[in-house]
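Grab a pencil and open the model in your viewer.

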Amino acid sequence: MRIRIFYFRRVTLTSIIATALYWGAVAMSKAFTLKAAINELRSKSQPRSARLSEEDQTRLVKMIDDMPVAVMTVDPETFRITYVNQTSKELIDKIRHLLPEVPDDLIGASVDIFHRNPAHQRSILSHKDNLPHSARIKLGSEVLDLKISAITDDDGTYLGPMLTWAIVTKEVVAEEKIRQLAHHDPLTGLANRTTFNLQTNKALSEVTECSALMLLDLDGFKDINDTLGHTAGDRLLQEVARRLLSICTIQDATIGRIGGDEFAIIVPNSAPQEMESLATSVIAAIAKGYVIEDNHHVHIGVSIGIAYAPLHGKDYETLAKHADLALYSAKQDGKGAYRVFSASMEEKITEKNMLQAALRSALSDGNGLYVFYQPIVDVRTRKVCAREALVRWYLNDRGWISPSQFVPIAEESDLIDLLGEFVLNTACADAAAWTDGARVAVNVSPAQLGTGLICGKILTALAKSGLSPNRLEIEVTETALINDEVGGISDLRRIRNMGVRIALDDFGTGYSSLTNLCSFPFDKIKIDGSFVSTAINRDTSRAVVASVAELGRRLGVETVAEGVETQAHLDLVVGEGCSSVQGYLLGHPAPIAMNADQISKLVDTLGSVSASQTIEQ
């Protein structure tokens with residue numbers, strides 16, 4: 001429909017419509033005809049030069065009545081409805097069941113039927129100073145959007161209110177959904193990272209005593225997510241969120257999901273004792289079993305870091321950093337626990353960062369890094385059949401750095417590939433010069449598997465050194481077998497197809513099971529030294545040694561007993577049928593002869609290195 005817009009001197013279209021509507025409504029409320037209403041408008045309107053013809057006024061009233069917007073007018077003195085257009089009537093029919101009463105003829109009825117608080121409504125409608133006014137009214141299951149404007153004559157006289165309204169229930173639901181998605185995690189319904197940060201900053205700005213920030217990281221979630229699939233992982237996260245909500249009922253507390261399996265809780269004005277009690281409850285609740293996806297029974301844990309404001313920080317960034325350090329400490333101390341931030345934690349992370357930078361430098365220039373070798377002796381021939389390559393690091397002004405300290409640092413960063421490559425290349429080159437033809441065993445971290453790079457690096461090391469593939473052994477722990485989704489076992493198969501031997505290290509600890517032995521055709525099983533060292537006085541440890549030795553014999557796999565430090569240890573493992581032995585009784589880790597002089601000049605804090613203990617080339 002084409003709508004023509006008319007312009008008149010001193011008269012705007014809005015004022016004409018509003019005034020026509022008002023006087024037309026007054027006329028109808030007095031049982032006037034539309035023609036009478038137009039005549040009333042004509043007599044009350046502007047000077048003759050600006051007055052509309054009767055035809056134009058009729059058209060205007062018709063336009064208003066046919067408008068797709070619901071319109072009503074009310075007498076500001078009696079609060080009686082003076083006009084209702086067709087759209088308004090249609091909408092009223094839709095909500096008729098929600099209104100206390102709906103007269104057959106709305107004209108002349110009280111507007112009070114639309115409001116639960118008529119006095120408030122009347123106060124707004126009675127004075128133009130209260131207008132314009134907008135509101136959303138909840139009426140049963142529906143939501144009404146209401147806008148009220150003042151109709152005034154040309155001289156400013158308040159003629160009455162005009163109400164336009166609409167049913168916006170669907171729009172409100174959509175807006176709420178958008179708001180929910182913007183501020184909450186769609187999987188768990190908890191606050192998302194953005195909302196949680198805002199809530200934390202708000203809590204910190206209003207803190208009067210002590211507020212607590214708790215960072216939570218699930219222990220073992222990745223293994224379940226990788227083995228059972230992401231759908232199972234999602235179900236598990238939803239159940240974790242439900243448990244957190246049921247436990248953390250402290251007033252004004254906010255729970256958020258801030259990462260994949262990372263959650264956080266901010267509790268304003270909380271006592272430390274209360275927070276540590278809450279942490280204990282959370283750990284116990286999360287540790288309880290779960291049943292997910294096709295009736296799988298699984299278990300996970302949670303580690304928690306706690307920081308208090310203002311003691312450990314007055315802003316979110318500082319507080320979160322300190323809570324994260326506490327969380328890291330909880331992880332390092334064995335997981336499934338909580339730790340409260342302390343200054344010593346910051347010192348440890350500073351130390352870690354320093355060592356990481358120093359290790360990066362050492363890998364870049366080669367200074368201070370060495371490969372020592374510990375012999376593995378064949379029980380039958382009593383000769384060295386292999387030597388395990390063990391990386392050692394001497395840092396100026398710090399002395400020898402324990403592998404248990406720097407290897408985890410390498411594994412947590414991108415340095416593990418560089419460190420592994422250094423040991424692999426060095427070991428292959430050294431072993432190629434050995435006159436006794438012993439094999440060399442090189443440890444490979446789970447982090448090095450599944451990237452598709454390890455096979456190429458082994459081929460390069462063998463090619464450069466000229467070492468025969470059957471003289472190289474790759475040692476892996478059972479951790480590398482847990483998740484084959486990243487291709488760890490596939491890498492091992494490709495390595496073995498090159499002719500390189502594969503050994504399962506530290507068997508009996510961690511995730512040990514016969515399933516792991518069946519998942520890959522290992523050439524060697526190394527029994528963890530903790531069983532050997534206790535087998536003398538503990539029947540269960542001795543039984544493990546005997547069982548693995550027998551299993552290896554039946555499978556045709558070499559078994560190595562680690563940790564042989566005394567003659568009694570040696571006699572026991574030989575008696576139980578182990579193929580080979582390794583330990584201080586047979587030999588300490590030692591450098592090759594060409595490095596002996598240089599190493600002897602270093603401060604000897606290893607207690608086991610001397611110039612006489614070398615590997616001859």
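Glu-550 counts as partly exposed, at 29% relative accessibility (buried means under 20% relative accessible area, exposed over 50%, partly exposed in between; 1.4 Å probe, protein chains only). Before going on, note that this is a predicted model, where local features need pLDDT of at least 70, side-chain atom pairs count only at pLDDT 80 or more, and totals for chains, interfaces and linings use all residues. Residues are numbered from 1 along each chain as its sequence is written, and side-chain values use heavy atoms, with hydrogens and water left out.

**Exercise 1. Find the salt-bridge partner of Glu-550 and say where the two residues lie.**

Step 1: The partner is Arg-553, at 2.6 Å, N to O. A salt bridge here is a side-chain nitrogen of Lys or Arg within 4 Å of a carboxyl oxygen of Asp or Glu.

Step 2: Both residues lie in helix H20 (residues 539-555), three residues apart, about one turn of the helix. Helices (H or I, at least four residues) and strands (E, at least two) are DSSP runs, numbered from the N terminus.

Step 3: Now check accessibility: Arg-553 has a relative accessible area of 56%, so Arg-553 is exposed.

**Exercise 2. Which parts does the salt bridge between Glu-346 and Lys-321 tie together?**

Step 1: Start with the distance: the closest N and O atoms of Glu-346 and Lys-321 are 3.4 Å apart.

Step 2: Glu-346 sits in helix H12 (residues 343-365) and Lys-321 in helix H11 (residues 316-332), so the bridge ties together parts that are 25 residues apart in sequence.

Step 3: Glu-346 is partly exposed at 27% relative accessibility, and Lys-321 is partly exposed at 44%.

**Exercise 3. Do likewise for Lys-457 and Glu-421, then look at the whole structure.**

Step 1: The closest N and O atoms of this salt bridge are 3.9 Å apart.

Step 2: Lys-457 belongs to helix H15 (residues 454-465) and Glu-421 to helix H14 (residues 415-432), so parts 36 residues apart in sequence are tied together.

Step 3: Glu-421, with a relative accessible area of 29%, is partly exposed.

Step 4: Zoom out: the structure holds 30 salt bridges. Arg-439, Glu-473, Arg-501, Lys-524 and Glu-558 are linked in a network of them.

**Exercise 4. Describe the lining of the largest cavity by class.**

Step 1: A cavity is a set of points, on a 1 Å grid over the protein atoms alone, where a 1.4 Å probe fits but cannot get out; lining residues have an atom within 4 Å of a point. The largest cavity has about 130 Å³ of space, the volume being the space filled by probe spheres set on the points, which are joined across faces, edges and corners.

Step 2: The lining has nine nonpolar, one polar and no charged residues. Ala, Val, Leu, Ile, Met, Phe, Trp, Tyr, Cys and Pro count as nonpolar, Asp, Glu, Lys and Arg as charged, and the others, Gly among them, as polar.

Step 3: Among the lining residues are Met-72, Phe-114, Gln-121 and Trp-165. Strand E4 (142-152) and strand E5 (158-167) each supply at least two.

**Exercise 5. Is Phe-114 buried or exposed?**

Step 1: Phe-114 is buried, with a relative accessible area of 14%.

Step 2: Phe-114 lies in the loop between helix H4 (86-94) and helix H5 (118-125).

Step 3: Leaving out residues up to four places away in sequence, Phe-114 touches Met-72, Ile-81, Ile-92, Leu-99 and Gln-121 (contact means heavy atoms within 4.5 Å).

Notes: 1 Å grid on protein atoms, 1.4 Å probe; cavity = no way out; pocket = protein on both sides within 12 Å on 5 of 7 lines; lining within 4 Å.
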